[in-house]
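Trainee: I would like to go through this model with you, one question at a time. Where shall we start?

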Amino acid sequence: MRAGKDDLGDEGLAKVAVVSKTRIIDSDVHPWINGDIEGLLPYMSGAWRQRFEGRLRLPDHPLRPPLAGATSIRRDARPPGGGAGGSDPLFMKEDLLDRYNIEFAVLSSIQAGKLVTLPNTDEATTLARAFNDYFMNEWLVVDSRYRLAMCVAAHDPLEAAKEIRRIGNEEGIVAVFLPLLNILMGNRHYYPIYEAAEECGLPILIHPTGTEGGFQTSVAFAGGIPSTYIERHTVFPEVAMGNIASMVFEGVFVRFPALQVVAAEFGYGWAPHMMWRMDQNWREFRREVPWIEHEPSKFVLDNIRFTSQPVEEPEREEYLLQILEMVHADRTVVFSTDYPHWDNDSPKNTFRRVPEPMKQRIFYDNAAELYGLGTLAEA
Amino acid sequence: MKHRVGHIGEIPDREALIVNVDGRSIGVFKVDSRLYAVRNVCPHKQAPLCRGTVGGTMLPSKPGELRYGLEGRVLKCPWHGWEFDLATGECLFGISGRRVKTYPVEVRDDQVYVEVGSTPS
């Protein structure tokens, strides 16, 4: 009569999963290192271990999610052996990859995203490198379905470019996670990073770092400082909007035509508006940015990808299909769970009413092309 | 039909004993000696609701004012944090019209029984 520990919630899911053959690549999965910097010490020199003596925790934004434990990590995703949800690659393999038959999961460390709170360039650069070595040694070797969005510290773009060239051609590395400082992405500051990423064929992945509006070096929100978690979580998309406008009009995709940018967890319901507005403004103000030789929305369709989670929940379900059409989701949207965060989407009950050809593009094909993964890439 | 799900002593305080009754995953809770049985599927995104937390919540109030209440009556989903009334299964304070199924529970001779309908709901 007792249920085993693992067959709980999927009872409900099983009912709705009408034997879908959809293949899945998950573009937004978050591993965790117990103890923050403490867990990274084996990946640092003795001198750097001394340097971090007594300050082994990375700072949290003071406005926490009003959930159990004030953490964004699902409490039911805690590994049986202890530690935080997302800290055990073997448990995640069972709880995510095996359970949903995910072919590849792209790991990005939001914990590493907190590097943008550090005012010290050498510290951020050293930690970024330690994060990468940790995940290559402790995660990528566990299961070849794990792939890594390696992280870089934007504080020193030349060192970041070196780091990309150091490991960017390894098989397990499929993207560069760029935690943003309060410098818009069209700024030349970042160009050495784009150059190295383009050279290695890696997309740049941006994601909320969770530090926005909380630290002087972190991305600032438009208009002022949100005062609650609900507020700051609601306005994350404005970070992507500002950065997309910046990249497009500064000509990043003219300078780096093969560069792909993944906007992870920023939503996409706003993207049609953004594209229309950019095009409208281009007709009016093209002379200000004469290097933009076609409608700017084309850069979004060609060079930018949006992850699906958290899937929009509009007033009427058909609106979701309309939004997907407007944003050309068959090219631009890649499926993601955001496991093990509280707002994760399960592959079994996401986009259930999306027509099969588009669904296949979102769940697999778009990501396979983006990261050069899977059988599509071989064909 | 009433199903025996275990001895009263097996039900932890404020943590669900998760049982399977006729193919339904159900969480049985004991809060201050009151018993509740709730379907272990969140009506929002089918999360394992009963692995969430039991506590109270902030009651509707004026801006800037905080009033905590319903201690021991609120089940909070471990995923999106939707809050349900443990006793009725209703979403609290109109966040959604959806509700989670709850079942009558009774204790006889220290054995706990959950009553479920004949077809899985």
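Mentor: Start inside chain A. In β2(A), the residue bridged to Asp26(A) is Ala105(A). Keep in mind throughout that the model is predicted.

Trainee: In which sense do β1(A) and β2(A) pair?

Mentor: Strand β1 of chain A covers residues 24-29. Four bridges link β1(A) to β2(A). The sense of this pairing is parallel.

Trainee: Which residue of β3(A) stands opposite Ala105(A)?

Mentor: β2(A) also pairs with strand β3 of chain A, residues 146-151. Three bridges join them, and the strands run parallel. The residue opposite Ala105(A) in β3(A) is Tyr146(A).

Trainee: How many of the six residues of β2(A) are buried?

Mentor: Strand β2 of chain A spans residues 102-107. The rest of the structure largely encloses it, because the number of buried residues is five.

Trainee: Is Val176(A) buried or exposed?

Mentor: Val176(A) sits in strand β4 of chain A, residues 173-177. The cut-off for burial is 20 or more other C-beta atoms within 10 Å. Val176(A) has 27 such neighbours inside 10 Å, so it counts as buried.

Trainee: What separates the C-alpha atoms of Val176(A) and Pro203(A)?

Mentor: Val176(A) touches residues beyond four places away in sequence, among them Ala149(A), Ile164(A), Ala197(A) and Leu202(A). Pro203(A) is 27 residues from Val176(A) along the chain. Their C-alpha atoms are separated by 6.2 Å.

Trainee: At what angle do α7(A) and α8(A) pack?

Mentor: Two packed helices are described by an axis angle and an axis distance. Here the helices are α7 (residues 157-167) and α8 (residues 191-200) of chain A. Their axes lie 8 Å apart, and the angle is about 10 degrees. Angles under 35 degrees count as roughly parallel, so α7(A) and α8(A) are roughly parallel.

Trainee: How many nonpolar residues does the contact of α7(A) with α8(A) have?

Mentor: From α7(A) the contact takes Pro157(A), Leu158(A), Ala160(A), Ala161(A), Ile164(A) and Arg165(A). From α8(A) come Pro192(A), Ile193(A), Glu195(A), Ala196(A), Ala197(A) and Cys200(A). The contact has two charged residues and no polar ones; the nonpolar count is 10.

Trainee: Where is Pro340(A)?

Mentor: Pro340(A) is joined to Tyr339(A) by a cis peptide bond. Omega there is about 0 degrees. Pro340(A) belongs to the loop between β8 (333-334) and α16 (356-371) of chain A.

Trainee: Is Phe351(A) buried or exposed?

Mentor: Phe351(A) lies in the loop between β8 and α16 of chain A. Its phi is positive, about 55 degrees, although it is not a glycine. Phe351(A) has 21 C-beta neighbours inside 10 Å, so it counts as buried.

Trainee: How does Arg14(B) count by its C-beta neighbours?

Mentor: Arg14(B) is in the loop between β1 (2-7) and β2 of chain B. Phi is near 65 degrees, positive in a residue other than glycine. With 14 C-beta neighbours inside 10 Å, Arg14(B) counts as partly exposed.

Trainee: Which strands are the edges of the four-strand sheet in chain B?

Mentor: This open sheet has the order β2-β3-β4-β8 (chain B), with antiparallel pairing. Five bridges pair β2(B) with β3(B), residues 24-31. The strands pairing on one side only are β2 (17-21) and β8 (102-103) of chain B.

Trainee: By how many degrees are neighbouring strands of the three-strand sheet turned on average?

Mentor: The order in this open, antiparallel sheet is β5-β6-β7 (chain B). β5(B) pairs with β6(B), residues 68-76, over five bridges. Thr57(B) stands opposite Gly69(B) in β6(B).

Notes:
Residues are numbered from 1 along each chain as its sequence is written. Chains are lettered from A and ligands numbered from 1 in the order in which they are written. This is a predicted model: local features need pLDDT of at least 70, side-chain atom pairs count only at pLDDT 80 or more; totals for chains, interfaces and linings use all residues. Axes are lines fitted to C-alpha atoms, for helices over the stretch in contact, and angles run from 0 to 180 degrees between N-to-C directions. Helices (H or I, at least four residues) and strands (E, at least two) are DSSP runs, numbered from the N terminus. Angles under 35 degrees count as roughly parallel, over 145 as roughly antiparallel, 65 to 115 as roughly perpendicular and the rest as oblique. Two residues are in contact if their C-beta atoms, placed from the backbone, lie within 7 Å. Ala, Val, Leu, Ile, Met, Phe, Trp, Tyr, Cys and Pro count as nonpolar, Asp, Glu, Lys and Arg as charged, and the others, Gly among them, as polar. Two strands pair if DSSP finds at least two bridges between them. A residue is buried if 20 or more other C-beta atoms lie within 10 Å of its own, exposed if 12 or fewer, and partly exposed in between; C-beta atoms are placed from the backbone.
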